[in-house]
Amino acid sequence: MAFDGLFTYSMTADLQQLVTGRITKIHQPNAQEVVLHIRANGSNHKLLFSIHSSYARVHLTEHSIDNPAEPPMFCMLLRKHIEGGFISSIKQHDFDRIIIVEIESKNEIGDPIVRELHAEIMGRHSNLLLIDKEQGKIVDSLKHLPPSVNSFRTVLPGQPYIAPPAQNKWHPLAVTDEQITLFFSETKTAKEIVSQFTGFSPIHAEELLFRLTDTDDRVNCFKDFIASFNNGGAKPMYVSANNKTYFSPIALTHLQGDVTIYPNVHELLDRVFFARAERDRVKQQAGDLERWLQNEIDKLILKTKKLNKDYERASKLDQFQLYGELLMANIYVFEKGVKEVTVTNYYSETGDEEITIPVSERKTPIENAQSYFTKYTKAKNALIMVQEQLEKTKEEITYFEMLAQQVQQAAPGDIEEIREELAEQGYLKLRHSRKKKKQTKPEPERYVSSTGVAISVGKNNKQNDMLTFKMAKRTDIWLHTKDIPGSHVVIHSSEPDEATLREAATLAAYFSKARDSSSVPVDYTEIRQVKKPNGSKPGFVIYFEQKTLYIDPDEAVILQLKKQS
């Protein structure tokens, strides 16, 4: 993970802008994230703490994160202890992945207290702890570690705070010139640097080695490298190379690939974790819904296989009719008691081909002929029913696949609308809540193009129908991926410029099942050319007079359009 001690050093330096700031609000969107709203230096900031095993981090964010109706216990405790308090310092612990935010606040009777938030960014061991600084005790934490789990370090309310064990490595800011010279006197590997110095991940060790190859002054090269991480990083960078992505507060000169430079480390991390973190929040909220949809799709696929077999059997109806007619034409050729009869097939190409027909020895010739006519009628009716069932089953598979795609790409706030839709369609029962929920209209997501034109995106079927048939004007431009499940996108303009059209098409491609593909076909037409067939399911439309663009989905474009909104 690139959020190493060096990245933490950069982040801590840039977060100094929050010192003296006041904590105005505290939210906990889920079990792994806490957001502090801070008013500092005349501006409002949102400081995000995440202890996710893969996405653990601390940074300022511009994204809005939906909060639960009732705040969790840890959130309530933070509000009690630090809401309204002032940040007196933000520091890094021993060049490790630990950021300590010191807050001066007041208790219930108005006496001053000092609390510390310790953000430990350590992969699956990440945690966020509230510490009583005066007593050195843990007030509470997002994760609890009883002695049975960690005998060295108990993390429970009321227990003394013990820092994570020291790594016994050299501190990059305290290492001497002699130590640097001696260590680099021989050729080193990235692994050896990681083992010797605190705060290095392999990617930054590789970068240091690359820079050392161009100089004989290893001491100053090392010091300049460490100094470049100060003040929030010299050049926050996102690199796609070798089919992988990398990020750092500084320039990664040893990598060759697609490079994007960001103004600061906060926007860089918003870019890195934007989709992944949002996806994880949705999984926490909609894991059961995803499983239910996949089970339904699996059941419908199995049903389709069975119906196809029934269709094959029913397709023999022409043979039943032929047997019946030939038996009636040869009614006096055979008598009751035989198991088969051979007759001339007048309907063959030559007209004189013989055919053997199985018959029941217990039935008369007329009864055998009637039996085949009955089979023909049943098969004909069955064929119609099977065809209808196949069409209905295919429609349901398409519908559930569309919903599954919407769940995968939904924001947490969109999930409840998908549940409501399934309940309205008779597939699910809604969970009953004691509190009466306010009836709210579906709200499509809003974006603004680089030329200032408003664009809306429906993230589920309720939003799609609302956007296309109620919010949009007849002359607005409507977009959708061609023959691929995806969102309805509307440009609120009758004559959008080329840049706006391509950006809206990028949104349509990104919020579709083809998000990870390239050259995605996106159709566009006027709203008045979009129709909803009678009796069709939510979100389903037909459209005419369309043109097609081919687009490569780009997450960076989506972030920029969202930022402009």
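**Cores, sheets and helices of a predicted model**

Leucine 36 touches Ile23, Lys25, Ile26, His45, Lys46, Leu47, Phe49, Ile82 and Leu117, leaving aside residues up to four places away in sequence. Contact here means heavy atoms within 4.5 Å. This is a predicted model, in which local features need pLDDT of at least 70 and side-chain atom pairs count only at pLDDT 80 or more, while totals for chains, interfaces and linings use all residues. Residues are numbered from 1 along each chain as its sequence is written, and side-chain values use heavy atoms, with hydrogens and water left out.

Where does Leu36 belong? Leu36 and Leu117 have the most contacts inside the largest nonpolar core, which has 54 residues. A nonpolar core is a set of buried Ala, Val, Leu, Ile, Met, Phe, Trp, Tyr and Cys residues joined through side-chain atoms within 4.5 Å. Buried means under 20% relative accessible area; exposed means over 50%, and partly exposed lies in between (1.4 Å probe, protein chains only). Helix H7 (residues 265-314) gives the most to this core, with six residues. Another core lies apart from it and has 26 residues, among them Ile477, Leu507, Val522 and Ile551. In soluble globular proteins, nonpolar side chains tend to be buried together.

Helices and strands are DSSP runs numbered from the N terminus: helices are H or I with at least four residues, strands are E with at least two. Strand E7 (residues 112-120) is mostly covered, with seven of its nine residues buried. Two strands pair if DSSP finds at least two bridges between them. Strand E6 (residues 98-106) runs antiparallel to E7, joined by nine bridges. Isoleucine 100 stands opposite histidine 118 in E7. The hairpin of E6 and E7 has five residues between the strands, and glycine 110 there takes a positive phi near 90°. E7 also joins strand E8 (residues 127-132), through six bridges and again antiparallel. On that side, histidine 118 stands opposite leucine 129 in E8. The E7 and E8 hairpin has six residues between its strands; glycine 123 in the turn has a positive phi of about 60°.

Next comes helix H6 (residues 218-227). Which of its residues are buried? They are Val219, Cys221, Phe222, Phe225 and Ile226. The buried residues of H6 pack against helix H1 (5-14), helix H3 (177-183) and helix H5 (202-212).

Further along, three strands form an open antiparallel sheet in the order E11-E10-E12. The edge strands are E11 (244-248) and E12 (258-261), each pairing on one side only. Neighbouring strands of this sheet are turned by 15° against each other on average, direction ignored. Five bridges join strand E10 (residues 237-241) to E11. Methionine 237 has serine 248 in E11 as its bridge partner.

Now to a helix pair. Two packed helices are described by the angle between their axes and the distance between the axes. The axes of helix H8 (residues 317-329) and helix H9 (residues 365-409) come within 8 Å and cross at roughly 160°. That makes H8 roughly antiparallel to H9. Axes are lines fitted to C-alpha atoms, for helices over the stretch in contact, and angles run from 0 to 180 degrees between N-to-C directions. Angles under 35 degrees count as roughly parallel, over 145 as roughly antiparallel, 65 to 115 as roughly perpendicular and the rest as oblique. The crossing of H8 and H9 is left-handed: in such a crossing the near helix is turned anticlockwise from the far one by less than a right angle, and a right-handed one is turned clockwise. Residues making the contact include Leu317, Phe320 and Tyr323 of H8 and Tyr372, Phe373 and Tyr376 of H9.

The last stop is a six-stranded open sheet. Its order is E15-E16-E18-E17-E19-E22, and the pairing is antiparallel. Strand E15 (445-448) and strand E22 (547-551) stand at the edges with a single partner strand each, so one side of each is left without a neighbour in the sheet. Neighbouring strands are turned by 25° against each other on average, direction ignored. Helix H11 (residues 461-471) packs on the sheet, touching E15, strand E16 (454-457), E17 and strand E18 (489-491); its direction makes about 135° with that of E16.

Within this sheet, four bridges join E15 to E16. Glutamate 445 stands opposite valine 457 in E16. Their hairpin has five residues between the strands, with glycine 452 at a positive phi near 90°. E16 and E18 pair over three bridges, and isoleucine 455 stands opposite isoleucine 491 in E18. Strand E17 (residues 477-481) and strand E19 (residues 520-526) pair over five bridges. There, threonine 481 stands opposite valine 522 in E19. Val522 is also one of the residues of the 26-residue core.
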